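Hi everyone, thanks for coming. Please bring up the model on your screens, and we'll walk through a few spots together.

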Amino acid sequence: MTTHTPHFDADVVLIGGGIMSATLGAMLAQQRPEWRVLLLERADALATESSGPWNNAGTGHTGFCELNYMPDPTDAAKPLSMVEQFGRTRAWWDALIADGRLDDGFLHRTPHLDVVFGERDMSYLRRRYETLRAHPAFAEMEYTENPETIREWAPLVMEGRGPESMWGRMAATRHPGGTDVDFGALTRGLVEIVTDAGGEVRYGHEVTRLRRTLAGWTVRGRGPEGRFEIRARRVFVGAGGKALRLLQSARLPEVRGYAVLPVGAAFLRCSDPEVARRLDGKVYGQADIGAPPMSVPHLDRRYVDGADHLLFGPYATFSTKLLKRGRLTDFFTTLRPGNLHVVAAAGLQNLSLVRYLVGQLAASRRAKFAQLQRFYPDADPAQWELVAAGQRAQLVTPDRRRIGVLQQGTELVSGADGTIAGLLGASPGASTAVPIMEELLIRWGIAAAVEPQPNSAKTPVAS
């Protein structure tokens, strides 16, 4: 009796050319160099969506300054988890850099600060600082209520600021161990590791459907030469806002009842290097009472393509697209009879988000600029432009008690047979890419390691 061995075009197909697919591809190049890895990207370049440098804040989320991840100033669980995960990610990046496989131009050491106003927020920040300082990862954090110390830490924040009676009292924390990350440059560097190991990237290939076969998956879509069909042993869906729709097309029971809500953002950007160099760090604030956690204002110094910039925001925008270069029908294609009630319940439980979005959409440019001036009083409107940032698909999951729950972070979803997985949700996924992909490799039965195996002539060094 003859046994038929199915033919595969690839051992793993990676859908989407962002940081997640790039991270997984680079890990596979290390762990399984004999595998055929194929990356499919709908655009004509890598990192054109959420991983692009102008589509995120580049903070490299560690919990140093993100106040929204610690609403209770006595509960440090979330920041500690974030700093641990980012530490693993940094260790992997640093080892690749030390081994000569990755250029370090994507990464810059940048202090992370918080600046808050008024007695209520000052009390919160002081208690948060006291809680975090007890843990080694936050031992370098400093706290002050002295305006002159804040001026030393962030001169630009204090420029043009009048008497204390005009602005109210202020407090700040500073952690010198923060980073600024150009996830676009990092994505391109990691994909080079994939192609150097024999992997392939195909641009202009939009995946539209996934179909299970007896031994793997058929990946179908449209490319420059028309429709295509690729047979793969395994599939990873790292397609950002389109990930849910593709997992739904695969009829994956693990996403039954899941939904997404489109969330867009814009930033004010200043590209005058003389202005940008007057801020050494990233300054986060406290969201207004009633505003959703994702609305936390921050003034970021960015290093992109060798130049200094400042970025302030985010300002909410609205579109039914799930990708920046998506279609207005995107959101509606994810709706199913099994998730309509989940979406409705999440919306009703987050009316403050609806009010916030309406207020943001109605705000004039002058009102937007006034928010910036709270952090930089001397800002010159002529030096700032409003730029569209990435479009996010905020994950909504079914819940037995609440029916539908809006999630802040990301969720790795994988099929029971271990041949398909996808990442759903929004920030801080990019900064925690390594532990997320390690988890996936473990589910796939592949030995995961934080540090890559060294080349014969080189040895990685600790970060």
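First, some housekeeping. This is a predicted model, where local features need pLDDT of at least 70 and side-chain atom pairs count only at pLDDT 80 or more, while totals for chains, interfaces and linings use all residues. Residues are numbered from 1 along each chain as its sequence is written, and side-chain values use heavy atoms, with hydrogens and water left out.

Let's begin with the cores. A nonpolar core is a set of buried Ala, Val, Leu, Ile, Met, Phe, Trp, Tyr and Cys residues joined through side-chain atoms within 4.5 Å. Buried means under 20% relative accessible area, exposed is over 50%, and partly exposed is in between, using a 1.4 Å probe on protein chains only. The largest core here has 41 residues, and Leu-24, Trp-93, Leu-190 and Phe-236 have the most contacts inside it. Elements giving two or more residues to this core include H1, helix H2 (77-98) and helix H7 (183-196). H1 gives the most, with 8 residues. Helices are DSSP runs of H or I with at least four residues, strands are E runs of at least two, and both are numbered from the N terminus.

A second, separate core has 30 residues, Val-13 and Ala-393 among them.

Now, how many cavities of 30 Å³ or more does the structure hold? There is 1, and the volume of the largest cavity is about 50 Å³. A cavity is a set of points, on a 1 Å grid over the protein atoms alone, where a 1.4 Å probe fits but cannot get out; lining residues have an atom within 4 Å of a point. Grid points are joined across faces, edges and corners, and the volume is the space filled by probe spheres set on the points. Helix H1 (residues 19-31) supplies the largest share of the lining, 3 residues.

Next, find Thr-179, in strand E7 (residues 179-181). Is Thr-179 buried or exposed? Thr-179 counts as buried because its relative accessibility is 2%. Its side chain reaches the backbone oxygen of Thr-59 at 3.4 Å.

Finally, some backbone details. The peptide bond from Gly-313 to Pro-314 is cis, with omega near 0°, and Pro-314 sits in strand E15 (residues 307-317). Ala-47 has a positive phi, near 55°, though it isn't glycine, and this residue is in the loop between E2 and H2.

How values were computed: A polar contact is a pair of N or O atoms within 3.5 Å; within protein, one must be able to donate a hydrogen and the other to accept it, and residues adjacent in sequence count only if both atoms are side-chain atoms. On a 1 Å grid over the protein atoms alone, a cavity is a set of points where a 1.4 Å probe fits but cannot get out, and a pocket is an open set with protein on both sides within 12 Å along at least five of seven lines; lining residues have an atom within 4 Å of a point.
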